[in-house]
Amino acid sequence: MAPPPEPRRPYKRPAISDQQRRRELALQAQSARRADAQARARALASSLLTTPTPPAVTHCHEEEHAEEEQEQEHTVADVAAAASKLRGSDARRWFARQIMLPEWMVDAPPHLASDWHVFARPSGKRCLVVSSNGITISRVRNGSILHRFPSALPNGSKRDISGPASSYSILDCIFHEPDQTYYIIDMICWRGYSLYDCTAEFRFFWVNSKLTETSAGDPPSANHRYRFSAVPIYECTLEGLQAAYSGSTPYVKDGLLFYNKHAHYQAGITPLTLAWKDETCSQYVIDTDGKGEVPNEQHLVLELQEEGKLVTSDDPPVVFGSLDNEFIQKSNLRTGNLLRFAVRDESVRLVDGKMQTGELQLVGKPNRARAFADSHSKALFQYAARHAPLRIDDLIASIQSNNMELESTDVEMQD
Amino acid sequence: MSLDVTQVLLSAQSADGAIRKHAEESLKQFQEQNLPGFLLSLSSELANEEKPEESRRLAGLILKNALDAKEQHRKNELFQRWLALDAGAKQQIKGLLLQTLTSPVASARSTASQVIAKVAGIEIPQKQWPELIGSLLSSIHQVQPNIKQATLETLGYLCEEVSPDAVDQDQVNKILTAVVQGMNASEANSDVRLAATRALYNALGFAQVNFSNDMERDYIMRVVCEATQSPEVKIRQAAFECLVAISSTYYDKLAAYMQDIFNITAKAVRGDEESVALQAIEFWSSICDEEIDILDEYSSEFTADSDVPCYYFIKQALPALVPMLLETLLKQEEDQDLDEGAWNLAMAGGTCLGLVARTVGDDIVPLVMPFVEENITKSDWRQREAATYAFGSILEGPSADKLAPLVNVALNFMLTALTKDPSNHVKDTTAWTLGRIFEFLHGSALETPPIITAENCQQILTVLLHSMKDVPNVAEKACGALYFLAQGYVDAGSASPLSPFFQDIVQNLLMVTHREDAGESRLRTAAYETLNEVVRCSTEETAPIVMQLVPVIMMELHQTLEAEKLSTDEREKRSELQGLLCGCLQVIIQKLGGMESTKYSFLQYADQIMDLFLRVFACRNATVHEEAMLAIGALAYAAGPNFAKYMAQFYQYLEMGLQNFEEYQVCAITVGVVGDLCRALEDKILPFCDGIMTQLLKDLSSNQLHRSVKPPIFSCFGDIALAIGENFEKYLIYAMPMLQSAADLSAHTTATDDEMLDYTNQLRNGILEAYSGILQGFKSSPKTQLLMPYAPHILQFLDALYNGKDMDDTVMKTAIGVLGDLADTLGVHAGPLINQSTSSKAFLEECLASDDPLVKESADWASIAITRAVSG
């Protein structure tokens, strides 16, 4: 049926209501003020550009600016210079403290799919790679130097120095022996620009875009001894998790790493990055002892502190027990020593998600390269791995239940 | 499924609420559990001749609702759901629907044809029901008139649902042939002829090609004109509706038929039933609309190459058209001014007369004035009212030179009539005419000697204030007249002639708002709107009186919050009143907050006002929400950084406003308020930015939100970035990709019509304002490098805009500004990029040579910044 045309014309009415007029006036005022704000911002800039100020003043201005820049470079350079002067264990400690360490995942965090990235951790040595002044140095987790080499990273070799030679790039990498490649898992600093305060999502984005700006991804050459490569990073959806877990990679996998998208780079242990592994995606699920064998009982590396307390590497540390003074004296132990203990399963109790051990049996000192005690979450993960591991199915189920939550709110919204 | 569908469908129409509810539940459950089964049983019900008419009709209605919805989001969902159904089930349903077209029961046929059209609307664009049109056309040749009628009706609905480009020309030709044959006088059955005429109305949009062919067009026009002479009133009305539609769709093809059409319409206006006569007048109103649009385009030099020429049909018809319209003015209904929905011959004729005046300008004056002079003093109120209305109608269009002498003579007469005429009807129209005089012939923009002088101003005010005590409909028009009287003095400076009477005016308006009968004829609304305009146009000398108004309006608002246990109706009335009061406060805030002399003392009230607004929000109603939101934007601007102390409490409502997809005006206003807040609070808005940005990003990705809100959201990104500077860093990864994809889209949109082009340019402007704010926000920050990765894309966007050649001056100004911002913020890093970009240089030169001072200013600045970046 043809719709009866409405009497669409206003009869003795103003064509526009006062409410509509108020709206329009408000919009006009807003855009005028936006223009003002823009103009102010620009005027500020353009007065710097154009005001025919006396040369002295301009000069002064520029000098100030230059000073400021120098100051900034100083801070970066100072830190680096100080670090380069450090020797031995001091250097090790300093570098070891710069690295961000994951907690072990003992429970799937909520909103995996929306808030987390996941990738397969390459098997190998975690290290910080620093390029500056024409040389590239990699240091493993305990701070000791792995390689000193020329690379195509910015200022990473004598051949291509660009910008201030002292401007640093610092990459968080895993060195993968079989293909002699540094896999970049994070970026801390690029050409002197700090990415500490950027979200993981952004840092990952920069890894990919910056890597392509240099030829650091090229095969090795005289001025570029090791290839650098980005790892494929996924959103932790079902598909992403599946890809990271069972997708093929050019490297041998050692578990999965989960990064909260919004987390900044933060030195030390953080619950915003999580490590997880099972037999499918890692060869080393259960810790081995000093001889590389899986012991019958779970081992724990703890640090001896004052009054004989035995603590984890967490901040604040978790106390797992204590040694009596007499024993310490007798065994010639000192505060700060790392000690390896065996834990009897039956003595372990879980209280409010914390692990408590009744009896700790000293097994000996750990490998000399160890710089830190185990973390609490690592102890828990190892305990779980021996008894009731968190399985890939649990992670999948967690993502699915989040999906369902999302869907169900959708339905509500429609009603 | 053992559900007795017939019984449930009948129960669903039961007078007993409980039974009805239960039946509706069962239907809903059935639909949710088994959609194909549900649709199938409904179509079987509709097709089944043994079932009662009521259950069949409801079955059809539910089917229709399962295929289409008003709301776009829901509509898409229903489309997808239908497309996903099992093909066999769809085939069966469609078969049953087509079968129903042959039913002897008229309502079943009619319902089925609507459902078929809905299915066609989904499937034909997907090329999924190719045989439908063919099979419908084959039944046109059926002997039984009821089948023929149902088929034509279906074709009509189909043309309404399906877009013309989804049907190929061959089928269009066949549809039109069938429809026009059905309309022909030789068609003996009037139901068939009516169905065909109504179908043509919908099919006109398909007839582009046919209307370009002289023979086919002649044939269609002849058949339509003949149908206006049918003995059946419904057919005559439907035929005139077709003529109205043709007048706007095929304006440029009408020259050859205008004489005939004039004769037909004049006959209908003078002698036919009102429903037909109204359509005949509408034809001329519609021609006026077309010519006003075309002439508007002619006068704006930028689009002088309008592709539709003006045929000046109205000008040519004028000598005959005007007398015909003047006659209609005398056919008023007794109480038409009291009935909001009234629409009759006199109203339509007067409205058309006003449009004619806008179309032809001065030429109408000599044709109307004799009628005015002859009738305005007659004893019959109809003649006096018609004369006044005729005079009021021609006040927009003709030049002030032509009108001013007439108005000078008429003004006194009008003022007297408004006080003394015994007829409310005449007083209503007189007050309206005074309003038109003030709207079009009063104000500093006019070059003619002023109509209102120090001498007559007081007299005018006395009459208007007096009339504000008259019956509601007259009082409402008097308020309207005062509104335009005040508006004319907006640029009067410090010595507004209204100032001496200001207190009086305000008091009288407040009295009107308190009238017991202020709810009638939207009198209260008119009084507040007039108060707003009086305040807006007031000057510094009356500021103390406006200041006194603050506690008065606050008290009124406070009183609305005291009422408890209101019925739904009362709640609605309260929220309307709150809207008016918040609107009034908004205007007062802008006025007093905008003058240095009053700002400080006004802000003493800020805490109390804000408290009231928050309480209004707590009442939760969308219209109030919007008005209070607007007022808060004004308050934030006036209060500046001090507004920060309200943020903790206000934030939840801000978020609520940003989430209001359904009432997009509310969302748009709230986005604007975010901008106000950014400028007021600057970096103090930072703690709220995570929430705001999240919401804005959600809004942008929503397909439910009205598109008009998206450009301001982009601009709002710029506002935020400018306020929080480098702290915007963490939003870059979210905002930039959105800006980039919107930029790509808007750069490569080929606008098919003006509305689309307009929107595209708004979108571009929003995106550019975002870039501008972000770039300036990062200026002088150590983090400017973060923007480098985005610079190439921004430059590509500017290149694309320049090469696209369809941006307006606003976009041009913003775009060249962004180029400057890029150079300014990124400095020497941007230099090489700008040098590489394909058209930066040409773009800048074009802007530097622009006639538009704003474009030029922006370009001058950009040029300095670029020179420095490139050379530095």
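This is a predicted model: local features need pLDDT of at least 70, side-chain atom pairs count only at pLDDT 80 or more; totals for chains, interfaces and linings use all residues.
Reader: Let's start simple. How many helices and strands does chain A have?
Author: Chain A has 415 residues, and 44% of them are buried. Among its contacts with a separation of 6 or more, 66% are between residues 24 or more positions apart. As for secondary structure, the count for chain A is 9 helices and 19 strands.

Reader: I can see an open sheet of 5 strands in chain A. Which strands are at its edges?
Author: The strand order in this sheet is β1-β12-β11-β2-β10 (chain A), and the pairing is mixed. An edge strand here pairs on one side only.

Reader: Take β1(A), then. Which residue is the bridge partner of A:Leu101 in β12(A)?
Author: β1(A) pairs with β12 (residues 268-276) of chain A, and the two run in the parallel sense over 5 bridges. A:Leu101 has its bridge partner within β12(A), and that residue is A:Ile269.

Reader: What angle does helix α5 of chain A make with β11(A)?
Author: Helix α5 (residues 200-213) of chain A packs on the sheet and touches β1, β2 (116-122), β10 and β11 (253-260) of chain A. Comparing the direction of α5 with that of β11(A) gives about 125°.

Reader: And which helix lies across β1 and β12 of chain A?
Author: Look for a helix running at about 35° to β1(A). It covers residues 376-387 of chain A, and its name is α8.

Reader: Let's move to β13(A). Why is it described as largely enclosed?
Author: Strand β13 of chain A spans residues 298-304, which gives 7 residues to check. A residue counts as buried when its relative accessible area is under 20%. The strand is largely enclosed by the rest of the structure because the buried ones number 6 of the 7 residues.

Reader: Which residue of β16(A) is the bridge partner of A:Leu300?
Author: β13(A) and β16 (residues 338-343) of chain A run antiparallel, joined by 6 bridges. In β16(A), the partner of A:Leu300 is A:Phe341.

Reader: Which residue takes a positive phi in the hairpin of β13(A) and β14(A)?
Author: β13(A) also pairs with β14 (residues 309-311) of chain A, in the antiparallel sense over 2 bridges. There, A:Leu304 stands opposite A:Leu310. The hairpin has 4 residues between the strands, and the one with a positive phi near 60° is A:Glu307.

Reader: What about charges? Is B:Glu123 buried or exposed?
Author: B:Glu123 and B:Lys94 form a salt bridge through their side chains (2.6 Å, N to O). B:Glu123 is in helix α7 and B:Lys94 in helix α6 of chain B, so the pair ties together parts that are 29 residues apart in sequence. B:Lys94 is buried at 5% relative accessible area. With a relative accessibility of 1%, B:Glu123 is also buried.

Reader: How many residues apart are B:Arg236 and B:Asp272?
Author: These two meet in a salt bridge (2.7 Å, N to O). B:Arg236 is buried at 13% relative accessibility, while B:Asp272 is partly exposed at 21%. B:Arg236 lies in helix α14 and B:Asp272 in the loop between α15 and α16 of chain B, a link between distant parts of the chain that are 36 residues apart.

Reader: One more pair. What is the relative accessible area of B:Asp824?
Author: B:Asp824 forms a salt bridge with B:Lys779, and the closest N and O atoms are 3.1 Å apart. B:Lys779 is partly exposed, at 23%. B:Asp824 is buried, with a relative accessible area of 7%.

Definitions and conventions
Residues are numbered from 1 along each chain as its sequence is written. Chains are lettered from A and ligands numbered from 1 in the order in which they are written. Side-chain values use heavy atoms; hydrogens and water are left out. Two strands pair if DSSP finds at least two bridges between them. Contact means heavy atoms within 4.5 Å. Axes are lines fitted to C-alpha atoms, for helices over the stretch in contact, and angles run from 0 to 180 degrees between N-to-C directions. Buried means under 20% relative accessible area, exposed over 50%, partly exposed in between (1.4 Å probe, protein chains only). A salt bridge is a side-chain nitrogen of Lys or Arg within 4 Å of a carboxyl oxygen of Asp or Glu.
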